[in-house]
Amino acid sequence: MKTSNRFIVAACYLLILSPSMQGSSAVGEPVGVAERRIVENTVLSKHNPALAIRVDPELAYLGRHAIRIRDVAAGERIVFAEHSAGDVKRMLILQYEGFLPGIDEQYRYNLSNSPVVAGYPFRSNAFAFDLAVSRRENPGGESVDTARFLEAKGLTFPNIWMMWRSLTVTDPARRNELIIFYVEAPENEQLTIADIYDPATDRSTEFWRGFTPGLERRANAAFQLAVPAVGVALSDLEWQTVPLTQER
C-alpha cells in the first residue's frame, strides 16, 4: 500500500534521527517531570529548555502524561484545553521529549533561519490528521496517548485535529526537543481529511491554504515564552511571542 507523503513528512518532522558526531558523549536521559512545574497556567522548566511558557488562561491546565516513542525516545505531554459541556474546543500541548540512554542519535532540524524567541530558535508549520487513522496505524503514538488521557477525564474531541506546531532543540548535543502543538476542533463537524489534503495529489486544498494563516495567528496568541529568572515574578518576565510567518 502506498504511504501518504504527508504522513512520512509528519513522522520525520516529529522525530528526525541522524547519527551523532563521532566522540559525542551526550547520552543523557530526557528531562524528568520534577524539572517542570505549573504555576498560574505557566510551565516553568529548569533546563532542556530553561524556559517559561505562559498559556492563555482560557486554556485550562488538564494535567500531564508520559509518552514513549518506540524504544528510541521518551518524555511527557502537558495538556491545556478549552472545553464546554465535556467537548474540547481547542488545546495547547507541550511535548518535552529526549532520546533514551544508549540511543546514539540526535535531532537535526535546520533552525538556521528560524526566529529566536526567549533564547531558542523555533520552526513552525501547519498539520492536520485523522485520529481514527492514527489509532489504527499507530496505536502507541503520542496523539493516541493524548486521546486516551482526555477520554479518562470524560472529555470528547473531534476526529480531525487541525494543528499549528512550533518546535526547538533544547540542548547543544541536540538530544532533547520541545514541540508546542496548538490544536483546534473544526467548526464543521462533517469536515474530513480529504477536505484538507487532496486525496489525488496529497497536497493542501484551497480550504486549508486559506485556513492556516488564521490558525497560526490563534496558535501564536495562545502562549508566550520567557527566560525564567530566580526571584523575578512571572508578571515581570520579558514575555515574547513567536513571530508570524509573514512577519519574518
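The structure holds 2 cavities of 30 Å³ or more, a cavity being a set of points, on a 1 Å grid over the protein atoms alone, where a 1.4 Å probe fits but cannot get out. Grid points are joined across faces, edges and corners, and a volume is the space filled by probe spheres set on the points. The model is predicted: local features need pLDDT of at least 70 and side-chain atom pairs count only at pLDDT 80 or more, while totals for chains, interfaces and linings use all residues. Residues are numbered from 1 along each chain as its sequence is written, and side-chain values use heavy atoms, with hydrogens and water left out.

The largest cavity has a volume of about 40 Å³. Its lining, made up of residues that have an atom within 4 Å of a point, consists of Val88, Lys89, Arg90, Met91, Phe157, Pro158, Trp161, Val183, Glu184 and Ala185. The elements that give two or more residues to this lining are β7 and β13 (176–184); the largest share, 4 residues, comes from β7. By class, the lining divides into 7 nonpolar, no polar and 3 charged residues, where Ala, Val, Leu, Ile, Met, Phe, Trp, Tyr, Cys and Pro count as nonpolar, Asp, Glu, Lys and Arg as charged, and the others, Gly among them, as polar.

The protein as a whole has 4 helices and 14 strands, assigned as DSSP runs (H or I, at least four residues, for helices; E, at least two, for strands) and numbered from the N terminus. Of its 248 residues, 51% count as buried, that is, under 20% relative accessible area with a 1.4 Å probe and protein chains only.

Helix α3 (residues 142–152) is mostly covered, with 8 of its 11 residues buried: Glu142, Ser143, Val144, Asp145, Thr146, Ala147, Phe149 and Leu150. These buried residues pack against β5 (60–69), β6 (73–84), β7 (87–99), β11 (123–130), α2 (131–137) and β12 (160–169), contact meaning heavy atoms within 4.5 Å. Just after α3, Gly154 takes a positive phi of about 75°.

Elsewhere, 4 strands form an open antiparallel sheet in the order β2-β3-β4-β14, two strands being paired if DSSP finds at least two bridges between them. The edge strands, β2 (36–39) and β14 (223–226), each pair on one side only. Within this sheet, 4 bridges join β3 (residues 42–45) to β4 (residues 51–55), and Ser45 has Leu51 in β4 as its bridge partner.

Key:
Buried < 20%, exposed > 50% of the residue type's maximum accessible area, 1.4 Å probe, protein only. 1 Å grid on protein atoms, 1.4 Å probe; cavity = no way out; pocket = protein on both sides within 12 Å on 5 of 7 lines; lining within 4 Å.
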